[in-house]
Amino acid sequence: MARSPNRRRSRARRPNAAKRGYGYRWQKYARHYLAEHPFCRHCEQSGRDTAAECVDHITPVFGPKDPLFWPTTNHQPLCWKCHGRKTVTENNGQTWTKTEA
């Protein structure tokens, strides 16, 4: 399936993962967090046991300087399917809606 031109333009403007705060420190943290929280929270709420694949920010953040980026109370384990569904719902389909301050 071909990606829409709007999505391609959005990704071209999007900073890389490290600049968005998801570099080595985040990757190390995420591995530890997922080891402690191995199941997708949204799937569990629906009665399914699905392996968590990513750490999601419950309240969206806009870079590592955002005060909600690191607090564990703003993190939840999700599978990629649930994470994608949540992101599209939050951002009206946009992958990056605000530039880092």
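Contact is defined here as heavy atoms within 4.5 Å of each other. The model is predicted, so local features are reported only at pLDDT of at least 70 and side-chain atom pairs only at pLDDT 80 or more, while totals for chains, interfaces and linings use all residues. Residues are numbered from 1 along each chain as its sequence is written, and side-chain values use heavy atoms, with hydrogens and water left out.

The protein chain contains four helices and two strands, where helices (H or I, at least four residues) and strands (E, at least two) are DSSP runs numbered from the N terminus. Along the sequence the order of these elements is α-α-α-β-β-α. Of the 101 residues in the protein chain, 31% are buried; buried denotes under 20% relative accessible area, exposed over 50%, and partly exposed the range in between (1.4 Å probe, protein chains only). Among the contacts in the protein chain with a separation of 6 or more, 61% are made by residues 24 or more positions apart. The protein chain exposes about 7000 Å², of which 53% is supplied by carbon and sulfur atoms; accessible areas come from the Shrake-Rupley method with a 1.4 Å probe, and for residues only the protein chains shown count as cover.

Helix α2 has 13 residues, and its end C-alpha atoms are 19 Å apart, in agreement with the 18 Å that it should span at 1.5 Å a residue. The expected span is 1.5 Å times one less than the number of residues. Trp26, Tyr29, Ala30, Tyr33 and Leu34 are the buried residues of α2. They cover an arc of only 130° around the axis and therefore lie on the same side of α2, the arc being that of the directions from the helix axis to the C-beta atoms. Tyr24, Arg31 and Ala35 are exposed on the other side of α2. The buried residues of α2 pack against α3, β1 and β2.

Helix α4 (residues 80-91) has 12 residues and reaches 16 Å from its first C-alpha to its last, close to the expected 16 Å. Its buried residues are Cys82, Lys86 and Asn91. These cover an arc of only 140° around the axis, which puts them on the same side of α4. Trp80 and Lys81 are exposed on the other side of α4. The buried residues of α4 pack against α3 (41-45), β1 and β2.

Rings of Phe, Tyr and Trp (its six-membered ring) are taken to pair if their centres lie within 6.5 Å; planes under 30 degrees apart count as stacked, over 60 as edge-to-face and the rest as tilted. By this rule there are eight aromatic pairs. The rings of Tyr22 and Phe69 have centres 5.3 Å apart and planes at 50°, so this pair is tilted. Tyr22 belongs to the loop between α1 (5-13) and α2 (24-36), and Phe69, 47 residues away, to the loop between β1 (54-57) and β2 (75-78). Tyr22 is partly exposed at 22% relative accessibility, whereas Phe69 is buried at 0%.

For Tyr29 and Trp70, the ring centres are 5.8 Å apart and the planes at 80°, so the pair is edge-to-face. Because Tyr29 lies in helix α2 and Trp70 in the loop between β1 and β2, the pair ties together parts that are 41 residues apart in sequence. Tyr29 is buried, with a relative accessible area of 16%, and Trp70 is partly exposed at 24%. Tyr22, Trp26, Tyr29, Tyr33, Phe69 and Trp70 form one aromatic cluster. The charged end of Arg25 sits over the ring of Trp70, 4.0 Å from its centre; the criterion is that NZ of Lys or CZ of Arg is within 6 Å of the ring centre and within 35 degrees of the ring normal.
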